[in-house]
Amino acid sequence: MCAICGCENTADEKSRSAAAEPPPPDRNAAGSAHLSVDGHPEHNRHRHSHSHDDQELHVHSHGGDEAIDFGAGLAGIHLPGMSQERIIRLERDILSKNDAFARANRSRLEAAGIFALNLVSSPGSGKTSLLVRAITDLQPRFAIAVIEGDQQTSNDADRIRATGAPAIQINTGKGCHLDAHMVGHALDQLPLAARGVLFIENVGNLVCPAAFDLGEAHKVVVLSVTEGEDKPLKYPGMFAAADLMLLNKADLLPYIDFDMTACVEFARRVNPRIEILTISARTGDGLPAFYRWIEKHAGGAAPLAHAPA
Ligand code: MG
């Protein structure tokens with residue numbers, strides 16, 4: 001999870017942390033990692049090492065290149081004013097609570113025979129366009145509902161509702177991922193048909209959503225061919241967590257330099273069992289294979305098909 005960007009510093013977390021421990025030193029104190037206006041550390045400006053409480057900030061430059069690794073502790077990360085041990089405690093605490101909510105969501109979904117997919121990707125990979133098309137194609141066969149995750153706006157939920165499918169928008173504010181607790185609240189509000197399909201469109205982010213189980217049956221990672229073939233190597237956690245990779249925007253392949261063979265090899269290097277389908281949400285090419293994948297994987301756990309009215 002992203003401890004570097006402080007994505008877990010929600011109001012609850014801040015108040016709990018403040019109660020448990022003294023306030024951290026001024027982040028802008030000399031030598032500390034400074035925060036940019038969007039909350040991310042501008043570490044690149046500070047290649048020195050210095051002490052923070054019980055930890056040192058280690059910045060390693062690799063031989064002639066510009067790559068820099070932060071942190072030498074157990075978590076490999078560092079926050080000003082936080083020890084590595086405390087970061088690990090926070091992560092364990094957050095993830096164990098999330099897992100409890102995820103188990104509850106999963107039990108609830110399985111009891112109702114609902115097949116849930118958690119769609120994850122970078123921003124702009126085409127998740128919402130894919131869902132709009134898939135819902136339009138699949139609605140005659142399956143009852144479908146959607147949970148949309150974005151930091152702000154209800155634009156995506158509005159697009160989904162225009163298909164006739166029910167959708168709940170979750171705005172995470174500064175949060176960079178959905179968690180199982182949020183999804184549980186959405187399940188309370190969503191008119192879920194038994195034996196239907198639930199699509200959860202996560203916040204666009206290839207890092208943090210990998211760590212959060214939402215109670216879904218599968219994570220599906222959407223990678224658009226415009227993003228570059230090396231994303232699986234750059235963000236291996238996400239591709240390791242996913243059971244299916246959809247290579248979207250394939251209609252653009254004639255116009256861009258995208259090495260499909262390398263991309264598939266990279267994805268299988270981090271996850272030998274990942275299934276891969278090439279699709280275009282715009283043209284519809286490859287989508288029947290995705291629909292067959294849904295039927296195949298939902299079929300055992302949930303008898304999806306119900307006759308059209
Ligand atoms: Mg979207």
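Predicted model: local features only at pLDDT ≥ 70, side-chain atom pairs only at ≥ 80, totals over all residues.
Strands here are DSSP runs of E with at least two residues, helices are runs of H or I with at least four, and both are numbered from the N terminus. Two strands pair if DSSP finds at least two bridges between them.

Before we go on, a word on the ground rules. Residues are numbered from 1 along each chain as its sequence is written. Local features need pLDDT of at least 70 and side-chain atom pairs 80 or more, while totals for chains, interfaces and linings use all residues, and side-chain values use heavy atoms, without hydrogens and water.

| Strands | Bridges | Facing residues |
|---|---|---|
| β5 and β9, parallel | 5 bridges | Val120 opposite Val221 |
| β6 and β7, parallel | 5 bridges | Glu148 opposite Gln169 |

Buried means under 20% relative accessible area, exposed over 50%, and partly exposed in between, using a 1.4 Å probe on protein chains only.

Now to the metal. Which residues coordinate the magnesium ion? They are Thr128 (OG1), Asp156 (OD) and Glu201 (OE), at 2.1 Å. Donors are N, O and S atoms within 2.8 Å of the metal (3.2 Å for Na, K and Ca), and sites may look incomplete because water is not among the atoms. Along the sequence, the donor residues are spaced T-x27-D-x44-E. Asp156 in helix α4 (residues 155–161) and Glu201 in strand β8 (residues 197–201) lie 45 residues apart, linking distant parts of the chain. Asp156 is buried at 12% relative accessible area, and Glu201 is buried at 3%.

Glu201 turns up again in the second largest pocket: among the 17 lining residues, those closest to its centre are Pro123, Gly124, Lys127, Asp150 and Glu201. A pocket is an open set of points on a 1 Å grid over the protein atoms alone, where a 1.4 Å probe fits, with protein on both sides within 12 Å along at least five of seven lines; lining residues have an atom within 4 Å of a point. The volume of this pocket is about 160 Å³. Helix α3 (127–138) gives the most to the lining, with 3 residues.

How values were computed
Points joined across faces, edges and corners; volume = space filled by probe spheres on them.
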